[in-house]
Amino acid sequence: MAECSGIDSNPSSHTMDKSITLPPDEIFRNLENAKRFAIDIGGSLTKLAYYSTVQHKVAKVRSFDHTAKEAASDKLYEISVQEEVTARLHFIKFENAYIETCLDFIKDHLVNTETKVIKATGGGAHKFKELIERKLGLKVDKEDEMTCLIKGCNFVLKNIPHEAFVYAKHADSEFRFQTTNPDIFPYLLVNIGSGVSIVKVEAEDKFERIGGSSIGGGTFWGLGALLTKTKRFDELLQLASKGQHTNVDMLVKDIYGGSYGCLGLTGDLIASSFGKSATADKEFSKEDMAKSLLHMISNDIGQLACLYAKLHNLSRVYFGGFFIRGHPVTMHTITYSINFFTKGEVQALFLRHEGYLGAIGAFLKGAEEDNPNQYSWGENYAGSSGLMSVSPDMNPMQRARSGTFDMLEMDRLERQLVNLPLLQDPSSYIPDTVDLTEDALAREYWLYCFEEALDGVVKRAVASQPDMLEAALRAEKFRQKYRHKLQTLRHQPFAYGSLTVRSLLDTREHCLNEFNFPDPYSKIKQRENDVALKYYQKAVKSLEELSWEERQFALVRGVLAGNVFDWGAKAVSDVLESDPEFGFEEAKRQLEDCVVFLSERPWLVDSYNQWLERMKGPPHKCALFFVDNSGVDIILGVMPFVRELLSRGTEVVLASNSGPALNDVTNGELQILTERIAAMDPVIQAGLRDDRLMLVQSGSSSPCLDLSRLDKVLAMVVRERQTDLVIIEGMGRAIHTNYYAMLSCESLKMAVIKNSWLADRLGGKLFSVVFKYEVPAGKPSQDCETSTPS
Amino acid sequence: VGVKCNIAFPWFGMDIGGTLVKLVYFEPKDITAEEEQEEVENLKSIRRYLTSNTAYGKTGIRDVHLQLQDLTLCGRTGNLHFIRFPTHDLPAFLQMGRNKHFSSLHTTLCATGGGAYKFESDFRTMADLQLHKLDELDCLIRGVLYIDSVVSSGPSECYYFENPTEPDRCVQKPYTLENPYPLLLVNIGSGVSILAVYSENNYKRVTGTSLGGGTFLGLCCLLTGCSTFEEALEMASLGESTRVDKLVRDIYGGDYERFGLPGWAVASSFGNMMSKEKRESVSKEDLARATLVTITNNIGSITRMCALNENIERVVFVGNFLRVNTLSMKLLAYAMDYWSKGQLKALFLRHEGYFGAVGALLELLHPS
């Protein structure tokens, strides 16, 4: 009763065109700098892993020397594009038939490597050992299969949001992705190779094979081949998906005539698998037998998994192995079985990158000296194929595509990402407000929206690099890549986990970076910041002339008005774009017409009165402010608000993006802006000097905000400063994401809805205002505790 | 049991399963001359028919070796007979009942098993008989406890295998089921039910599996072309499952020490059949043997997990899958002992498949 996920004989290898159907340089990318290889060879698929470095352009801002400020330029700061080297993990999956071709290609392109060994795992590793050593000149170093599997599993669960999913065949969306629980242990991994291994994983390096079964994928394949004379595994699955098991199985109703009521066994339940075939004089169809066999094996595995889960008191059970790998048919029968045996108490979970676990694990084994687990990694949407890219039985018409290649690329993030310590319940936190995987109407709209906006993005990208002649060419490649992604998502919205506005935006950023457009808005941001700064003192002065109560409202209105200046919103960018000379005043005037009703309350969501009452109470200890756009937003909206908080004794932590996204202000830009403001404003200056105003980076390069993946430093600061107020500003961070986020302290979400479809959805109109001030339940707001108004 | 009751003869208990009908018949041996005179002809004819034959029609069989002699039941002394025939021959049985005017005896026919429900109307329309339907698990437990308590002479009802992990020294030994609770009762018929029994009236069905005797026979018929359980078993006894199954040593060259898996353990049932060459080189006997081993081991695994979850150390296997199937019994004994490191004991009962029918008979005599 042991595991063997690899199959040493390979009945599935059939003659196949050995030419690679995609240009190999688009598959084995960045081979020039590749080092550290690992390979996982299974019964029919090979998974290759390597680590490489990627050189790409990043936008940097640098303040002009203040002593020579008048001379240099009238600009605030200088923008430069620099080369940066980052680390990336490449994983490629292809059919064993291509191994030789692939090895040749790798050998030809492997120039800079000092690598001497290749880590190998999987049942087929020894079969191809000699070939690999001869072709690559690397020594094959075998690693234990199960250890690799678990290592890989831990890695993807930790680093890839929406890695795990529940499969529901008849639901609106077949794939229901799980939120990333920061605490991944303990869990049960049921690996269904030719046999079944059941492994309990308690910590990174602590796991135990607690059981298994000999009835597994090999039984389905071997017995299925005998019964149906069908040789290939996926053909057997095809047969099974067309069969009627009730012709072969003896059901409860075949014995009872109906249900066995007192035990709650329904009539359709299988009483005896193959019970009807116990006769010599009847023929059974291949389809029916295959279906019956599939049920028999899936039910049996599900039952054992449940018994082990119960015995060890585990509720998270992941299924993997070649029996499961991307096959909706087996995911469905296993899910059914688990639901039946646990009455819904345990959910069968599957993994998007299940096929890569062994390769990832083998790679990690080889890279232990670099300690890859000390970093956070992120799935690169531009370089990854996504779920079901080559699934054989997803769509039988695409069978020819099983000869193509599947890829996963992961970027090493500069910063380690952790949860915001102020999340009420990290395990149930879902950043995104609308799951487009489940909401077909919304999906339709947003996919259309992003497709529509593509021309504009391409134009902006080209315009951002006026000195580079090939920019247009690159921008065109970007267009093709992103359009292709959108098309894929139209058919397979589940390809990268739950489809959300955030993932669509992030995918676009990844694609832009891929083609070296690190910051298409850098110059626009620069100009906007420049102009807005000129109005800062005037704005502050006019605010100071107001009464306290008038001022509070004006400050909120200022943040909201500032937030209208958003290049990410189509309704706004059209106005801004309409004036090529960037007539800031004109644009501002036009937009202000739109936001007249900023003053017209009640807003769509309006808890301003509660906020005002709260402001009459004692100051907050520390406010964490997630900022949004450059220019008017940050300078004329956010900064005066920050100033007020500082003045009333609240420390402020300004969290901005680590990397660029649209016209969002980056941490680098904000550093410079804040310095300049400090030079004009003693309150800000004092705040910086006394360390009561702090600028930190969020760790993100997204126009949206995932509070479960934030820079570790930010989390530390939040904890140290006893943050008791979180302010989230803007549509991307407070509406598309975090609209429903529950925090353990007071929170304020402010945004103007700059999209008429979304406004409509939320029951409002274009430019409706959301002002959502929340005090966590059970936690009396401070003004109730200490009721001394200042 | 000693109290005399006035239930009219004939005394039957029936268990109509998915594959087999099990019938127990109590033949009174203490009939007085007076009784003899009063006894109607129909009753005599049934008694004679059932007790003088050992085979009925083409497929009915009386298991003479199981017959219990001089049993005192409800104040009467007599023999208890154990008869079985395939469920698909039930129409012929009903026809026989009709021909022998069974219905004129005004007896209650106590029946359990799914067929009691499924064929209830057939009994009424074809043989004019009214069934008294009984729950099969209630009957099963009642039957087990009763038979174990009345068998005192001859071979012990309950037995186990000593030294199950050493084939050469493995021998059948009697076992006294005096203080049986708690016990796990595994009934292997066409499918499998697993019960945790805490007392005669306190039990629960823990789980079940559809991989049972019906699966063994069904797959054997498809794979080998055989048509009876006996044929399938005969073939299995001649075959070699290691040609069909992939063992741990086939993959790792020996034991997989990291996980404590011995080389002889099956890694993948039918795993060798993934290869075309190996498919062509196996015999029907090998396939039958592999099917038997697969089904048996799987029942063993599930049983062992249930025993652990329910914290029960004694397991009693019953059901007709075990009839003349020493191969499976020894495998189960081995699996229980080996994988539990001696913690679990597998027990077997001689009247393996008849307990439901016995329970039904008891219900006739002592309604609970």
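Predicted model: local features only at pLDDT ≥ 70, side-chain atom pairs only at ≥ 80, totals over all residues.
**View 1. Chain A as a whole.**
To get your bearings, start with chain A, whose 790 residues are 61% buried. Its fold holds 25 helices and 25 strands. Counting contacts between residues at least 6 apart in sequence, 75% join residues at least 24 apart.

**View 2. The largest nonpolar core.**
Here we look into a core of 101 residues, the largest nonpolar one. Which residues touch the most other members? They are A:Phe220, A:Phe319, B:Phe317 and B:Phe348. Helix α8 of chain A, residues 286-311, gives the most to this core, with 13 residues. In soluble globular proteins, nonpolar side chains tend to be buried together.

**View 3. Around B:Phe317.**
This view stays with one of those core residues, B:Phe317. Setting aside residues up to four places away in sequence, B:Phe317 touches B:Val186, B:Ile188, B:Ile299, B:Thr303, B:Leu322, B:Leu332, B:Met336, B:Ala346, B:Leu347, B:Phe348 and B:Leu349. There is also a second, separate core of 75 residues, with B:Leu50, B:Leu131, B:Val144 and B:Tyr146 among them.

**View 4. Where chain A meets chain B.**
At this interface, 58 residues of chain A are in contact with 64 residues of chain B. About 4,900 Å² is buried between the two chains, and carbon and sulfur atoms give 65% of that area. The count of residue pairs in polar contact between the chains is 19. On the chain A side, the elements that each supply at least two residues are α4 (145-159), β10 (206-213), α5 (217-228), α7 (252-256), β12 (270-272) and α8. Of these, α8(A) gives the most, with 9 residues. By class, the side of chain A that touches chain B has 33 nonpolar, 16 polar and 9 charged residues.

**View 5. A salt bridge between the chains.**
How many salt bridges cross the interface of chain A and chain B? There are 2. A:Lys310 forms a salt bridge with B:Glu310, and their closest N and O atoms are 3.9 Å apart.

**View 6. A salt bridge within chain A.**
Over all chains, the structure holds 65 salt bridges. In the one shown here, the side chains of A:Arg415 and A:Asp711 meet at 2.2 Å, N to O. A:Arg415 sits in the loop between β16 and β17 (417-418), while A:Asp711 belongs to strand β22 (residues 710-711), so the pair ties together parts that are 296 residues apart in sequence. A:Arg415 is partly exposed at 25% relative accessibility, whereas A:Asp711 is buried at 2%.

**View 7. Two salt bridges in chain B.**
B:Asp30 and B:Arg76 form a salt bridge, with the closest N and O atoms 3.1 Å apart. This pair links distant parts of the chain, 46 residues apart: B:Asp30 is in the loop between β2 (20-28) and α1 (33-38), and B:Arg76 is in strand β6 (residues 76-86). Back in chain A, salt bridges that share partners join A:Arg29, A:Arg88, A:Glu409, A:Asp411 and A:Glu514 into one network.

**View 8. A buried serine in a loop.**
A:Ser384 lies in the loop between β15 (377-379) and β16 (406-412) of chain A. Why does A:Ser384 count as buried? Its relative accessible area is 2%, and buried means under 20%. Apart from neighbours within four places in sequence, A:Ser384 is in contact with A:Glu379, A:Met407, A:Leu408, A:Glu409, A:Lys485 and A:Tyr496.

**View 9. Backbone details in loops.**
The peptide bond from A:Phe185 to A:Pro186 is cis, with omega near -10°, and A:Pro186 is in the loop between β7 (175-177) and β8 (187-192) of chain A. A:Phe767 is not a glycine, yet has a positive phi of about 70°. A:Phe767 is in the loop between α24 (756-761) and β25 (768-774) of chain A and is buried at 7% relative accessibility.

Technical notes:
Residues numbered from 1 in each chain as written. Chains lettered and ligands numbered in written order. Heavy atoms only, no water. Core = buried A, V, L, I, M, F, W, Y, C linked by side-chain atoms within 4.5 Å. Buried < 20%, exposed > 50% of the residue type's maximum accessible area, 1.4 Å probe, protein only. Helix = DSSP H or I, 4+ residues; strand = E, 2+ residues; numbered from the N terminus. Contact = heavy atoms within 4.5 Å. Buried area = accessible area lost by both parts, 1.4 Å probe. Salt bridge = Lys/Arg side-chain N within 4 Å of Asp/Glu carboxyl O. Polar contact = N/O pair within 3.5 Å; in protein donor to acceptor, adjacent residues only side chain to side chain. Nonpolar A, V, L, I, M, F, W, Y, C, P; charged D, E, K, R; others polar.
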